[in-house]
Structure formats: structure tokens, C-alpha cells
Amino acid sequence: MTDFAMSSSGSPGTLNAGILRRREVLERFSATALTFPGLILILLVLLVPVLWLFWLSAFDGAGDLSWANYERMGKSIYVRTFTTTFRIAIIVTVCCAFLGYPVAYLMSQSGRRLSLVILLSVLLPFWTSVLVRTYAWLVLLQRTGLINGWLQDLGLIDTPLALVHNELGTIIGMIHVMLPFMILPLYASMKAVDPSLMLAASNCGATPAQAFRQVFFPQTITGLSSGAGLIFVLCLGFFVTPVLLGGGRTYMWAMQIADNISLYGNWGAASALGVVLVVATALVLLAVQFVLRRAGGTK
Amino acid sequence: MPGQVAIREVSKNYGAFVALDDVSFDIEPGEFITLLGPSGSGKTTLLNVLAGFTRPNSGSVQLDGKEFLTLPPHRRDVGMVFQSYALFPHMTVMENVAYPLKLRKIGKSERERRATEALSTVQMDHLADRAIQSLSGGQRQRVALARAMVFEPRMMLMDEPLSALDKNLREHMQIELKRLHGMLGTTTVYVTHDQREALTMSDRIAVINNGKLMQLDTPSQLYDFPANRFVAEFMGESSFLPVKVSDGTARLFGNPIVTREPWSGDHDAWLLIRPEKLAWNAPQQGAANRIQGTTREVIYQGDSYLLDIALPEGHSVEVRCNPHTAGIEMPEPGETVSFWIKQSSTILVEDAGQ
């Protein structure tokens, strides 16, 4: 009879060790293997085109390295487009934060039924096509549109206001499209705040305003910055709404890319614009990450 | 000494549900009072009324002679320890404890000095710079305690503060809370559903059920002289046998019962049976309150035995018996046993609300 505990043959702890280790490696591999189809897809549709973009932007037709496409960025038309794009992105992000915060707050603090109604009214437009919503804004905002019509009927204005086919119209339309991206992460972070913390704050002597500012708000910064980061990045590359509501006067980065290809057939220039957009987006996301880590860690 | 509380006719209902029904009592300065009751009894509602988180329908609470109920929570100057501790996760231990002082516009150095002092009272000063997330349950408990007492509140409120801790730590913290209360002398209202915890810690216990104050008394009075069956049932291990009352005499299975105090009630009542009050080996004659039955089951439980005894008229009783202290041999199932209750510890109780 073999006494396993007292076994003196061989070194201790080798029983089945080889097969057990092989099993473990196999198990880990088969779990990882599940991600291979996704990885291959990402490689094909993301990494390859991006590398191709870099190639197109940095090499001329003869295959020689050339920074001509990037040097062109210094031209005033590009600089103007770039600043317009960033200005609109910042305005839309800030407006979404101010409009979205109260909505998310109401949604997180109200009862099941009301919060469901608010959630639906946030999500329903979200599920509707951007194109449809943008045309709807055109109906509302144009010179002969509903809003100008009402304001004139009420005698508040004599001549119609220029609400659309300019930067204002673009911003209004984009805020509408972007708002859910602010409300949903904010709602999630507000829901996670323990309601007894607000009671504790008031017990410590905080007025409702102080409790909000010093206890509630700091815990929603993660939601606020992830919403803001998402919206800002989406705004930088936004196309449909500025095209339809900007009336050709508000010229954003994505429109410049489209024109370079469809009007001038200049893939190199378009690619360079795309690369700059990717870099700008990456920088913004890094900044958001930085804020998130600051807010998540200890002060 | 400040901290005298007068609660008068406080009522609160949520629709048809009555959470507090005309509750009135006084709390002496420096007293440790426990609100004890099952869940949904209204004990937490009463605590929240004192903290200002729940607005009652009517009533008055005076603290040191001044109406208190109409003040918003942030102007009440009472410290509260929450069941979930409710520490601010975005602040360090020190910032949490210093927060009430910051709101009272106390300078940074003074604030840190007093916060450190409060933290050292609960033996947490060495972890002042830690994040809340890195603390264990017991440590969070201590920080919450320090935050509640750092601004020298006029009254301390505690909402089942130990319920999230494991048994050993809980018993340790009970002693520590008692020590702390002795040291600070702050009027304390403590909520729990654990009768042993209430007995351990309190100067007086208010037993609450269905929003009503059942009895307010010292732990020993509450245990030895429960006001009704609910209180008797809630305090300690107890069984009840039905007692018929007619012509001013209480009878159990036809035999008269001699009670500690002459029984004045005229309703049928219950004889309270507490295992440690029973005497075994009843003398054959002259023993009042003698009860005889047949053992159905004897269950070994380590430190004692649990006896299931069948009594006349289809009743039965389960009593705990320690053969060493009772001085008897454990009966076998089927054997006849008799036990008796001394007159000095024979208590009848009525149902609550009669």
C-alpha cells in the first residue's frame, strides 16, 4: 500500500503536476481564443485602415516621404476650420453638461415611475435616426419655421431670427444629438451615490447647497467627465448635423475631410486631416482619463 | 448638564401605516437610552425624527427646554452614526472627521487638532491619512463614531451601528461604546433589534412595537417586570402558559397561581416561564405554582438540555435546563417531570394593548 502522506519516493509535490499544469495552460488558451474573431475583425477594419491613412498622408504619389499634407495645415482655412470645430465641440459639451446634469439628477432622485418616463424621453430620440432629428430641427428653426412663426404671431419679433444655416443652428442640433451621452453616464454615477451620505452631510451641519457641492457633486465627477469626453470626441468628427444645419457657413473638420475627397479627390490631404483628428481625439481621451484617475483615487 | 430631551405626542403615519403612534417620554441628560423593537416597529422612524430626517405629522421634541422639531437637520447639532456608516468616500479619514468642524468655520489647525483628538479616542489616529475604501468594517465604524462626536454634539444618535460587524467584534464594540459614553457623558439614543445588545449597553430601554411605546425602564426592571406579553417575549428566552382569571383568582390548569404582586387584572393572562427562574425537584406538598407534565423530548445543546414537556389540556412548553445548576438527573422521554416557580419570580402578563 502506498501511503501518500508519508511517501519517500521521489521529491514531494510532483504527483500529477505535469498534467495539471498542461490542463491549466489549455484552459487559459481556450478562454482567450474566444476573443480571436473580434481581435481579427478589429485588426482588419481598424488598424489596417488607420495605418493606410498614415501611409497616404505621409507619402506622396511617387512613394517618397513628404510632409506636404501636414504643412498645409498651417493655412488659414485649415486653422479656421480647426478652431471652429474645437469651439463648437467645447460649446456643445458645456451646454450638454449644464442641460444634462439637472435631468440626470431628477431621474436619479425620483421614484421608479417618473425616472422611467424621463429615461424613455431621453432614449426615444436617441433611438431615432440622426438624419430625421436634424431635419426636424430644420422645420422648427428655419426662417418660415415653427419657432419664428410663433414669435412673429406673438409680436415678439418683426423679422425672423437667423436660427439655422449658421453656427447657432449647428450647435442647437448637436446639443440635441449629444445630450443622452451626457445624461446616461451622469445618471449611472448619481445612482451609485449612497443616499445616506446626504443625510450624513446634513447631520454634520451642511446646508442642502453645501451637501450638494461638497458631498454629492464630487462623487458625480466621474460620470460628468466620461460624458463630457464622449461628447467632445463625437463632436470633433461630427458630420451630418453641421452639414444640414450649418448651411455651408459652419465648416467643421469632418466636412473638410469629405470635401477633400469628393471635390478635389485629394486622399493624401484628407488622410492628414484624419490623422490630426485621431491624435486630437486621443489627447482628449487621455485628459479625461487623467481627470477620472484623480477623482477616483484619494485626494 | 445639557442634553435633556422631552418627546411629546409624536405621531407619524405613511398613508394607512402608522409608524409612530403618540409617543411621549423623557430622556435624562447624559442617559444612554435604547430604542428596542422588531423591524418595522417605528424605532428607526423615531430616531430619524430626532435627527430631522423624518418630519412627523404632529408632536413636539424639546432639547434643553427649546423646541427642536422645527429645526432643519443641519442646525440641530446632534451627532449620528449610521447603520451603513455613511462615510464620505471622496475624503480621507481625517477629512471625514474634520468635516463637521469645517462647516462650523473652525480654522484648519484647530480643526485638525480636534479631529486627531476624536480619532485617538477611538484609537484611529494612526490611520488619519487613509482612504475610506482601505478600512475594514470595524475601522469605518470607529471613524463614523469620531465624526459624530468631534463637534461635541448635544445628543448622539446611533442607528444599529454594530449590525454589520461580526459577532466577536460586535461584542467588543459594545463594551467600547459603553466606555466611550461613560467618558463623554453625551445623551445617547441607540437603536437596535438585538435585546442582548440593549441589555448590555443601556441605562434605560424603550421597547417599541407597532409605533407604540410598550415600556420604558431599566434593563433589569424590563426583564423582571415586563409590562405585557410582547415585552416579555422580546426580552430573553421565554414561554407562556394561559392563565384563567375569575373572582380575582388566577388559575393555571385549575390550580391557583400565587404571584409576586397580588394580581389585580380581570382578563385572562399568561404565566411567564423563564428557564432560569424554574426550580426542579418540586416538594410533594406545599409548593405553590407547581406544574407537572410528561417529557416528550430531551435535546442536548452543549451547555444545557432543551426539554419539550407536554402539559395538561394539550399545552406544551419548551424549557432549557442545565442538570448541574438544576441539581437533577435529566429525565428520559416519557418520564413525568414536575417543576415550580417561586412566588417571588411568578409573573403574569397580559397581551399588549389591553
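Strand β1 (residues 5-14) of chain B pairs with β2(B) in the antiparallel sense, over seven bridges. Two strands count as paired if DSSP finds at least two bridges between them. Strands (E, at least two residues) and helices (H or I, at least four) are DSSP runs, numbered from the N terminus. In this pair, Asn13(B) stands opposite Val18(B) of β2(B). The model is predicted: local features need pLDDT of at least 70, side-chain atom pairs count only at pLDDT 80 or more, and totals for chains, interfaces and linings use all residues. Residues are numbered from 1 along each chain as its sequence is written, while chains are lettered from A and ligands numbered from 1 in the order in which they are written.

Strands β1 and β2 belong to an open sheet of four strands in chain B, with the order β2-β1-β4-β5 and antiparallel pairing. Its edge strands are β2 (17-27) and β5 (66-67) of chain B, each pairing on one side only. Helix α1 (residues 43-51) of chain B packs on this sheet. The helix touches β1, β2 and β4 (58-63) of chain B, and its direction makes about 60° with that of β2(B). Contact here requires C-beta atoms, placed from the backbone, within 7 Å. Axes are lines fitted to C-alpha atoms, for helices over the stretch in contact; angles run from 0 to 180 degrees between N-to-C directions.

Chain B as a whole has nine helices and 20 strands. Its C-alpha atoms fill a box of roughly 80 × 45 × 35 Å along the principal axes. Of its 354 residues, 38% are buried. A residue is buried if 20 or more other C-beta atoms lie within 10 Å of its own, exposed if 12 or fewer, and partly exposed in between. Among contacts between residues at least 6 apart in the sequence of chain B, 66% join residues at least 24 apart.

The largest nonpolar core has 95 residues. Such a core is a set of buried Ala, Val, Leu, Ile, Met, Phe, Trp, Tyr and Cys residues joined through C-beta atoms within 7 Å. Leu50(B), Val97(B) and Leu157(B) are among those with the most contacts inside it. Leu157(B) touches Leu47(B), Leu50(B), Ala51(B), Val78(B), Met80(B) and Val189(B), not counting residues up to four places away in sequence. Another core, of 37 residues, lies apart, and includes Ala104(A) and Leu224(A).

Further along chain B, strand β19 has two antiparallel partners described here. Three bridges join β15 (residues 278-280) to β19(B), with Trp280(B) opposite Phe339(B). Five bridges join β16 (residues 290-300) to β19(B), with Arg290(B) opposite Trp340(B). Pro333(B) lies in the loop between α9 (323-326) and β19 (336-341) of chain B. Pro333(B) is exposed, with 11 other C-beta atoms within 10 Å. Not counting residues up to four places away in sequence, Pro333(B) touches Thr295(B), Arg296(B), Glu297(B) and Val298(B).

Between the chains, 17 residues of chain A are in contact with 18 residues of chain B. On the chain A side, α9 (195-204) and α10 (208-216) are the elements that give two or more residues. The largest share, seven residues, comes from α9(A).

Elsewhere in chain A, helix α1 (residues 17-33) has 17 residues and reaches 24 Å from its first C-alpha to its last, close to the 24 Å expected. The expected span is 1.5 Å times one less than the number of residues. The number of buried residues in α1(A) is zero, so this helix lies largely in the open.

Terms used: Contact = placed C-beta atoms within 7 Å.
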